[in-house]
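Open the model in your viewer and keep the selection panel handy. We will go from one selection to the next, with a word on what is there each time.

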Amino acid sequence: MIGDDRMDVGYELLDLQILDRDGMEVGKVDDVEFHLDEDGVPYLTALLVGPDVFGHRIGGWLGRVITATTRRLRTNRSGPVRIPYDLIGSVRSAVTLTVSRDLLPEPELEHWLREHLIARIPGSGHAQ
Amino acid sequence: MKKFFAVTLGILTAIGGFVDVGDLVASSLSGARFGLALAWVVVVGVVGICAYAEMCGRVVAISNRPVFDLVRERLGARVSLLNLVASYLVNLLTLGAELGGVALALQLATSVSYLLWVPVAAFVLWVVLWRVKFETLERVFGLLGLTLVIFAVAVFRLPGHGPELWHQALSPVPTHGENWNTYGYFAISLFASAMTPYEVFFFSSGGVEEKWGPRELSEMRSNVFVGFPLGGGLALALMAVAAQVYHPLNVKLDTLGQVALPAALAVGKLGLAIAILALFAVTFGAAMETGLSSAYVVAQHFGWAWGKLVPPRRAARFHTVLLVSVLVGAAVLLTTINPIQLTEYMLVFSAVVLPLTYLPILVVANDRRYLQDHVNGKLANTVGVVYLVVIVVAAVAAVPLMIVTGAGG
């Protein structure tokens, strides 16, 4: 971090792993959301997770394909998972949240694959 | 005392787990073609994998993040996406080659065509990765892999193990009737077989799941610095028996049976049985590791939940990639491609992607943000940089040499 309330977002935050309170993977920091305060100074409001924002950020034809595919496969209009800045506990070799991932919207691909494939295979509820 | 056993078990597992189908094929083939004239490459490869595995282990122990997870932060989103695609495809080829090795070993034991064994092996592999206590099985197969020692025994029971082998090992040039291109091509295959990318992905992911911390550093180092060189010794034994049996006759190897045959010549039926068991154990063990690694790289790149400690329904994307990878690996073999050839191609393409695997490890191992005071010292960095040069040379030369020599033809 540069100072207490400043950080180099590109170097220190983008592409970092996000973990929940219990150390479970939530996703990567695919992009970040800024708002402007009254003086026009931008401040960080949320981390964004999802293939569409990832595709948008890397750009080029590949990025466009990723974004378009994700949007087309969407079953509802939820958009990327948005994690408000308030939920961030610490930023070290990963971003650790102060909440469990069960409280966040579940990524659609995870949901779909679980309901249609993985949960139908016997033994899917047991860890080794 | 308990600690002592844990360390010993770790080392023994590392020895047996070091050898996979790539080492089997590369060592035996080059032993038959060049005697021990390429033995030095195995030594070079072992030093390389030791240096980089130690870095990976350190990164895991201090930052608790697997290496592939950190690659994206350091290479940036776009380059790491390319890295992901390349690493995944090579991993898939490796998985196919290992499954082929399992099926061929079963064919040797049963005389039933390996093509019939492929679906069985793939299904059992998937069940193991889905449900069974993985850690136990990893240990079991690592220890069973120690039966490769039969080849070390064979070295001393076969004729020609005296000064002749030393003479070959000490004259590192193409043997009579071979040229430098073929020599270089086999050297690259051998080097790639020691440093196959999945090894570091698997090693570091396993470390995260076993929750390594700074206290485990010495145990990790003893596994790496004792286990891997002894495993490399087994690869050298495979090369030596091929040099003793096939090199004088000018026979080129093209089956897994020929890899096992020297054990039969030296020790008889029992030797053959042990050799087949060893081939089965090391390829199945490596199939488990490559299967998991395929899913690790994808999940870790996108930040998905991964691993064997989470119930599959809590890591649906990870388990889907795992399932699809095993299916594709089996499908590649069912095209009736020769598994030995598949292994040779796998080694060449491994060599091509080696820089993408090892450069980020060197970068991360120097980053204080992850490693604090445990960043690379002068020795680790010197070895790391020297090897990076070697790796880049091998990567650039791999495909041209494959074309010029007709894949070693």
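Start where the chains meet: the contact takes 26 residues from chain A and 29 residues from chain B, two residues being in contact if their C-beta atoms, placed from the backbone, lie within 7 Å. On the chain A side, select strand 1 (17–19), strand 2 (25–28), helix 2 (51–58) and helix 4 (108–116), the elements that each give two or more residues. Helices (H or I, at least four residues) and strands (E, at least two) are DSSP runs, numbered from the N terminus. Helix 4 of chain A brings the largest share of this side, 4 residues. Colour the side by class and you get 12 nonpolar, 8 polar and 6 charged residues; Ala, Val, Leu, Ile, Met, Phe, Trp, Tyr, Cys and Pro count as nonpolar, Asp, Glu, Lys and Arg as charged, and the others, Gly among them, as polar.

A note before moving on: this is a predicted model, in which local features need pLDDT of at least 70 and side-chain atom pairs count only at pLDDT 80 or more, while totals for chains, interfaces and linings use all residues. Residues are numbered from 1 along each chain as its sequence is written, and chains are lettered from A and ligands numbered from 1 in the order in which they are written.

Now show the whole of chain A. Its 4 helices and 7 strands run α-β-β-β-β-α-α-β-β-β-α from the N terminus on. The C-alpha trace of chain A spans about 55 × 35 × 25 Å along its principal axes.

Next, switch to chain B and select helix 5 (residues 77–110) and helix 13 (residues 256–267). Their axes, lines fitted to C-alpha atoms over the stretch in contact, are 10 Å apart, and the helices pack at an angle of about 55 degrees. That makes helix 5 of chain B oblique to helix 13 of chain B, since angles under 35 degrees count as roughly parallel, over 145 as roughly antiparallel, 65 to 115 as roughly perpendicular and the rest as oblique. Show G101(B), L104(B), A105(B) and L108(B) from helix 5 against L256(B), G257(B) and A260(B) from helix 13, the residues that make this contact.

Finish by clicking L279(B). Which residues does L279(B) contact, leaving aside its neighbours within four places in sequence? They are L24(B), G101(B), A105(B), L256(B), V259(B) and A260(B).

Notes. Axes are lines fitted to C-alpha atoms, for helices over the stretch in contact, and angles run from 0 to 180 degrees between N-to-C directions.
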